[in-house]
Amino acid sequence: DELVAAALDRVAADASRRAGFATAARAAEQAATLSAHPQDAARRLLAAADAAWLAGDAGRAEGLLDEAL
């Protein structure tokens with residue numbers, strides 16, 4: 001549901017502002033799974049990959065980037 005995905009986008013953004021990158025990655029990844037449109041899912045997966053990288057989880061970041069493509 002796109003409304004829930006948008007709410008998760010806000011959670012991800014709030015977590016990133018507080019340096020909670022692992023939480024941001026999880027929220028953005030979950031938002032991607034709920035996206036109604038492929039381009040929104042890809043955008044959210046890229047955000048999740050960025051947050052995972054900043055959280056120090058390079059393997060997860062790589063997997064999310066692969067999924068986004």
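# A tour of the packed helices

Begin with helix 3 and helix 4, which cross in a left-handed manner; a crossing is left-handed if the near helix is turned anticlockwise from the far one by less than a right angle, and right-handed if clockwise. Helices (H or I, at least four residues) are DSSP runs, numbered from the N terminus. The model is predicted: local features need pLDDT of at least 70, side-chain atom pairs count only at pLDDT 80 or more, and totals for chains, interfaces and linings use all residues. Residues are numbered from 1 along each chain as its sequence is written, and side-chain values use heavy atoms, leaving out hydrogens and water.

**Helix 3 with helix 4.** The axes of these two helices are 8 Å apart and meet at an angle of about 165 degrees; axes are lines fitted to C-alpha atoms over the stretch in contact, and angles run from 0 to 180 degrees between N-to-C directions. Helix 3 is therefore roughly antiparallel to helix 4, a term for angles over 145 degrees. To see the contact (heavy atoms within 4.5 Å), select Ala-42, Leu-45, Leu-46, Ala-48, Ala-49, Ala-52 and Trp-53 of helix 3, together with Ala-58, Arg-60, Ala-61, Leu-64, Leu-65, Glu-67 and Ala-68 of helix 4. These residues comprise 12 nonpolar, no polar and 2 charged; Ala, Val, Leu, Ile, Met, Phe, Trp, Tyr, Cys and Pro count as nonpolar, Asp, Glu, Lys and Arg as charged, and the others, Gly among them, as polar.

**The faces of helix 4.** Next, select residues 58–68, where Ala-61, Leu-64 and Ala-68 are buried (under 20% relative accessible area, with exposed over 50%, using a 1.4 Å probe and protein chains only). Viewed down the axis of helix 4, its buried residues fall within an arc of 65 degrees, so they line one face of the helix; the arc is that of the directions from the helix axis to the C-beta atoms. They pack against helix 2 (21–33) and helix 3 (38–54). On the other side of helix 4, Gly-59, Glu-62 and Asp-66 are exposed.

**Asp-40.** Within helix 3, select Asp-40. This residue is buried, with a relative accessible area of 17%. Leaving aside residues up to four places away in sequence, Asp-40 touches Glu-2 and Ser-35.

**Ala-19.** Finally, move to the loop between helix 1 (2–17) and helix 2, where Ala-19 lies. Most residues other than glycine have a negative phi. Ala-19, although not a glycine, has a positive phi of about 65 degrees. Is Ala-19 buried or exposed? Ala-19 is exposed, at a relative accessible area of 51%.

How values were computed. Parallel < 35°, antiparallel > 145°, perpendicular 65-115°, else oblique.
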